[in-house]
Amino acid sequence: MKIKKAIITCAGFGTRFLPITKTIQKEMLPVLNRPLIDYVVEDCVKAGIEDIIFVVGEHNYQVMHYYRENQRLYEYLKKFNKLHLYEQIADLHKQANFYFVKQKDNDPYGTAIPVMLAKDYVQNEDAFLVLMGDDFLYQSEEKSVIANMIDTFAMSNAKALLTCVQKPNEVLSKYGVIKSHQVGELKFLEEIVEKPQLGLAPSNLVNISKYIFSKEIWPILDKQTINPQSGEMYITDSLQTLAKTEPVLVYTPPGKYLDGGDPLGWLLTNLTIAKDRPEIWPIIKDFVNQT
C-alpha cells in the first residue's frame, strides 16, 4: 500500500505554554534550530508522503510562512553577502505539496474536526495519515518511523491504525489506555479507556494520537455527533465505532516518543535531539555537571 497524503493538525491554542503561545504557535517552538512541526514533516517526507495538509487556526499564519518561500529574506541575505545562509531553507517548500486548511473560531472543537475539515483533500485515498504537529517519533538513524507504520498497516489488512507506547502504571490515569486482543503477532483494538482510575487500566499501552485511516472512516465521521460530556468531537470515538465492525490495528513503534506539547516535554525533546549533535552535547553535559 502506498499512502501519499498526511493531515497534520496544528490549530490549538497551546494553553500549557502560555504566555509564550499568546504570540508563538506551539508547533513552531524551536527544537534546536527547527520548529517542532518540522520533525513531523521530515518523517513524512522520508516515508514518501507527497501531500501534506496542515489544519491551522483561523488567525495563525506561522506554519504557512515557514513552508513557503521568503523573498524578503532572500533579498536581505543577498544584499549583505550572506546568501549561503539561504541554502538552509531554500528547499523547505519543495519537500512535498503543502496545503493549508483553516479551522475557524466558530468551528466545533475536538480531534475529529481537523480530519473533517481536510476531507476534500483525502476522501478519495485508500488510506491516509493523521498526525499531531507537536510530538513525533524519533530515531537517531535516517530511518522513518512513519514508513514502518505504513508497512505494518499494509500487511495487517486492518481498516485503521492507532499508535501506542508503553507507560508506567502511575501515569496511566492521564491517558487513553488501550484494551486490545491478540491475533498472531498483531494487536487489534477493542476499546480506549480514557483516564482510568489507578489499578483499573486494561493495559500499559496509551494512545499517542498518530493514525492511519481508510475510506471506512468517512461514514462514521459523517454521522458522528458531539460528545455530550465534553462538548467536543473525538477521533477516538470514531475509531471505537469502526473497531466494532472492522479490524483496527494497535501499533507500537520503534524509536522514542517525544512530546513537545508542554514545557517539560519540550525541554526533554530538545535534550534528546541534542544528544545526537556531537558539536553541542559535550558542552551541555559539562554545563549540567557544573551546576
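The largest cavity is lined by Val-40, Asp-43, Leu-131, Asp-135, Phe-136, Leu-137, Ile-146 and Lys-210, where lining residues have an atom within 4 Å of a cavity point, and a cavity is a set of points on a 1 Å grid over the protein atoms alone where a 1.4 Å probe fits but cannot get out. This is a predicted model, in which local features need pLDDT of at least 70 and side-chain atom pairs count only at pLDDT 80 or more, while totals for chains, interfaces and linings use all residues. Residues are numbered from 1 along each chain as its sequence is written, and side-chain values use heavy atoms, with hydrogens and water left out.

**Cavity**
- Strand 7 gives the most to this lining, with three residues, and helix 1 (36-46) and strand 7 (135-138) each supply at least two; helices (H or I, at least four residues) and strands (E, at least two) are DSSP runs, numbered from the N terminus.

**Aromatic pairs**
- There are twelve aromatic pairs, counted when ring centres of Phe, Tyr and Trp (its six-membered ring) lie within 6.5 Å, with planes under 30 degrees apart stacked, over 60 edge-to-face and the rest tilted.
- The rings of Phe-54 and Tyr-67 have centres 5.3 Å apart and planes at 20 degrees, so the pair is stacked.
- Tyr-67 and Phe-98 form a tilted pair, 4.8 Å centre to centre with 50 degrees between the planes.
- Phe-54, Tyr-66, Tyr-67, Phe-98 and Phe-100 form one aromatic cluster.

**Charges over rings**
- The charged end of Arg-34 sits over the ring of Tyr-39, 4.0 Å from its centre, the rule being CZ of Arg or NZ of Lys within 6 Å of the ring centre and within 35 degrees of the ring normal.

Methods
On a 1 Å grid over the protein atoms alone, a cavity is a set of points where a 1.4 Å probe fits but cannot get out, and a pocket is an open set with protein on both sides within 12 Å along at least five of seven lines; lining residues have an atom within 4 Å of a point.
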